[in-house]
Amino acid sequence: MPEGPEIRRAADLLVRAVVNKPLTDVWFAFPSLKPYQSALRGTKVTAIETRGKALLTHFSNGLTLYSHNQLYGVWRVVNAGEAPKETQRSLRVKLETPDAAILLYSASEIGIYDTAEIENHPFLQRIGPDVLDETLTVAQVRERLLSPKFRNRQLGGMLLDQAFLAGLGNYLRAEILWLAKLLPGHKSRELNDAELNALADACLSVARLSYATRGTMDENVHHGALFRFNVFGRTGKPCARCDDPIVKGSVSSRPFFWCPVCQV
Ligand SMILES: [Zn+2]
């Protein structure tokens with residue numbers, strides 16, 4: 001399953017393809033959305049936002065396309081006028097500009113809303129702030145850790161719960177807890193000040209570093225740190241901090257990797 005950084009990077013490709021260009025063609029498969037086709041032709045996509053696994057495509061006429069890919073949905077970018085390649089998937093959305101088109105296949109949760117009302121969408125109401133939201137601060141994450149809803153939750157399960165921070169998933173969970181030097185069985189209310197700060201900081205810094213640099217190897221482009229796995233998938237390999245072997249187990253029914261020496 002893709003996590004926040006991968007979803008955001010996929011969305012960046014859509015942004016580059018269509019944002020701020022006039023839409024020459026708009027097509028929806030669902031009959032309930034057909035009436036919006038003509039209303040959206042000639043408008044522009046002004047921004048494409050990710051909220052966990054949901055994508056918000058904002059149009060210049062005050063409407064927003066909500067889509068959630070679930071397990072099967074996938075976006076593709078093609079050149080304008082290019083017929084989509086033969087595929088078993090069913091096309092659900094097409095947004096075309098003079099240069100490029102973006103195509104959404106197989107997703108079933110698609111709707112058009114007034115941009116001003118989009119925050120009332122039930123899914124957006126359920127999830128927490130997106131971990132890659134640039135305005136989200138360490139202090140806000142710390143506050144969330146200590147809030148009544150989350151202070152008594154075990155960290156291992158909570159970090160996978162999109163209601164805590166949208167966009168976190170299994171590899172980020174393992175890397176965040178390693179960086180914060182914490183085991184997954186703790187609850188926020190048991191942590192001291194330094195541990196809380198380290199955890200809140202790691203939630204943002206690990207996700208942001210992954211988004212900025214994961215999969216890139218060019219040190220000339222990225223002068224700062226590059227993202228690499230310190231524990232995830234590294235069973236038996238030495239911990240980068242203490243050299244002891246990383247171990248693998250299961251936490252909240254998902255694989256978990258940690259250093260038994262420096263995570264306490
Ligand atoms: Zn270690």
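This note sets out numbered points on the domains, the sheet and the helix packing of a predicted model.

1. Basis. The model is predicted; local features need pLDDT of at least 70, side-chain atom pairs count only at pLDDT 80 or more, and totals for chains, interfaces and linings use all residues. Residue numbers start from 1 along each chain, following the sequence as written.

2. Domains. The protein is divided into domain 1 (4–126) and domain 2 (138–258), with bounds from an automatic or database domain assignment. Their centres, taken over C-alpha atoms, are separated by 31 Å. Eight residues from domain 1 and nine residues from domain 2 make the contact, where two residues are in contact if their C-beta atoms, placed from the backbone, lie within 7 Å. On the side of domain 1 that touches domain 2, helix 1 gives the largest share, five residues. By class, that side has two nonpolar, two polar and four charged residues. Here Ala, Val, Leu, Ile, Met, Phe, Trp, Tyr, Cys and Pro count as nonpolar, Asp, Glu, Lys and Arg as charged, and the others, Gly among them, as polar.

3. An open sheet is formed by four strands in the order 2-3-4-8, with antiparallel pairing. Helices (H or I, at least four residues) and strands (E, at least two) are DSSP runs, numbered from the N terminus, and two strands pair if DSSP finds at least two bridges between them. Strand 2 (45–51) and strand 8 (109–114) are at the edges with a single partner strand each, so one side of each is left without a neighbour in the sheet. On average, neighbouring strands of this sheet are turned by 20° against each other, direction ignored.

4. Strands 3 and 4. Strand 3 (residues 54–59) is joined to the antiparallel strand 4 (residues 63–68) by five bridges. In this pair, His58 stands opposite Thr64 in strand 4. Helix 1 (residues 4–18) packs on the sheet and touches strand 2 and strand 3; the direction of helix 1 makes about 175° with that of strand 2. Axes are lines fitted to C-alpha atoms, for helices over the stretch in contact, and angles run from 0 to 180 degrees between N-to-C directions.

5. Helices 4 and 7. The axes of helix 4 (residues 138–145) and helix 7 (residues 193–213) cross at roughly 120° and come within 8 Å. The two helices are therefore oblique to each other; angles under 35 degrees count as roughly parallel, over 145 as roughly antiparallel, 65 to 115 as roughly perpendicular and the rest as oblique. Helix 4 contributes Val138, Val141, Arg142 and Leu145 to the contact, and the residues from helix 7 include Leu196, Asn197 and Asp201. The contact residues divide into eight nonpolar, one polar and two charged.
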